[in-house]
Amino acid sequence: MKVLNYLISFLLWVFVAITATILFIGDFLVWLLTFWWDKRLFWLHKYSTVWALFYVWINPGWKINVIGLQKISKDRPYVIVSNHQSAFDIVLLYRINRHFKWVAKRELSRVPVIGWNLILNRCILIDRASAASAKKMVLDSLKHINRGSSILIFPEGTRSKDGKVGRFKEGAFLIAQRAKVPIVPIVIEGSKDILPKPGIVNLFQKLTIKVLDPIPVEQILSLTTDQLTKQVNQIIREEHERLAPNKYNE
C-alpha cells in the first residue's frame with residue numbers, strides 16, 4: 001500500500017509539473033497583454049486564481065467549505081492574515097476570490113513556474129534574515145494597498161509543524177496600522193493533511209476556510225503593534241481550536 005501511495009503521488013507531481021508549465025505560458029501571455037495598462041495586474045491575478053483552483057476542481061475528493069466570504073468586500077483593500085499549515089495553503093487561499101498580493105519568502109521566487117508567477121504578479125518577496133528587506137516589505141505593501149490591492153500574509157512566517165497556530169510576527173499588523181486599513185483574519189483547517197509526508201498527496205480531504213470578522217481601523221489604531229499582533233494571534237488560534245480541538249488535546 002505504501003509503495004502504491006508513493007507511485008500515485010509521483011504521477012500526480014509529474015502531472016502538476018507538466019500542467020503548471022503549460023498554464024504558465026497562458027500566464028505569461030496575459031501578463032504581456034495587460035501589464036502596460038493594468039497597473040494592479042488585476043487580470044493576471046484572475047488568471048492565477050483559475051490556474052491555482054484548476055488543481056482543486058479536477059479532484060472531487062477535496063471538499064472545501066468556505067465560511068464568511070461575504071465579510072470581505074471586493075471594493076476596498078485589506079491586510080489579510082491566515083494561519084499556515086502547508087504549501088497547499090497557497091492554492092487554497094485563491095478560493096477567497098479577492099484581489100491580493102502575496103507576501104512570500106524570497107526563496108520561492110527561485111522555484112520554477114511558481115516563482116515566475118510571483119514575480120510577474122509583483123508579489124512582495126522578503127528575505128527573512130534581512131532587516132532592510134523587512135522594511136522594504138512594509139513600504140512595498142503600502143504602495144500596493146494605495147493602488148487598491150489587499151495584502152495576504154502568513155504572520156507565523158513559516159508552516160506549522162504540528163498543525164497548531166503558532167506565534168505571530170508583527171509585520172502584517174504594522175502594515176495595517178500604517179495603511180489604516182482593516183485586518184481580515186482567516187482560519188484554515190485540513191490543508192496539513194493534504195501533504196502528510198514529503199512527496200505524498202492525500203486525494204481525499206475535507207478543508208475549511210473560515211473568514212472571521214474584519215478588525216476595524218479604529219480598533220487597529222487604538223492598540224500598539226505588539227498588542228494588535230497578540231490579539232489577532234489569539235482570535236485565530238481560538239477559532240482554529242474550535243475547528244480542530246484534536247490538535248490541541250494531544
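Ile 186 touches Ile 72, Ile 80, Val 81, Ser 82, Asn 83, Leu 93, Ile 96, Ile 209, Lys 210, Val 211 and Ile 236, leaving out residues up to four places away in sequence. Contact means heavy atoms within 4.5 Å. This is a predicted model: local features need pLDDT of at least 70, side-chain atom pairs count only at pLDDT 80 or more, and totals for chains, interfaces and linings use all residues. Residues are numbered from 1 along each chain as its sequence is written, and side-chain values use heavy atoms, without hydrogens and water.

The largest nonpolar core has 30 residues. Such a core is a set of buried (under 20% relative accessible area, 1.4 Å probe, protein chains only) Ala, Val, Leu, Ile, Met, Phe, Trp, Tyr and Cys residues joined through side-chain atoms within 4.5 Å. Ile 72, Phe 88, Ile 96, Trp 102 and Ile 186 touch the most other members. Helix 2, helix 3, strand 3, strand 6 (183–189) and strand 7 (205–211) each supply at least two residues of this core. A second, separate core of 28 residues includes Val 79, Val 103, Ala 176 and Leu 228.

## Helix 2

Helices are DSSP runs of H or I with at least four residues; strands are runs of E with at least two; both are numbered from the N terminus.

Conventions
Buried means under 20% relative accessible area, exposed over 50%, partly exposed in between (1.4 Å probe, protein chains only).
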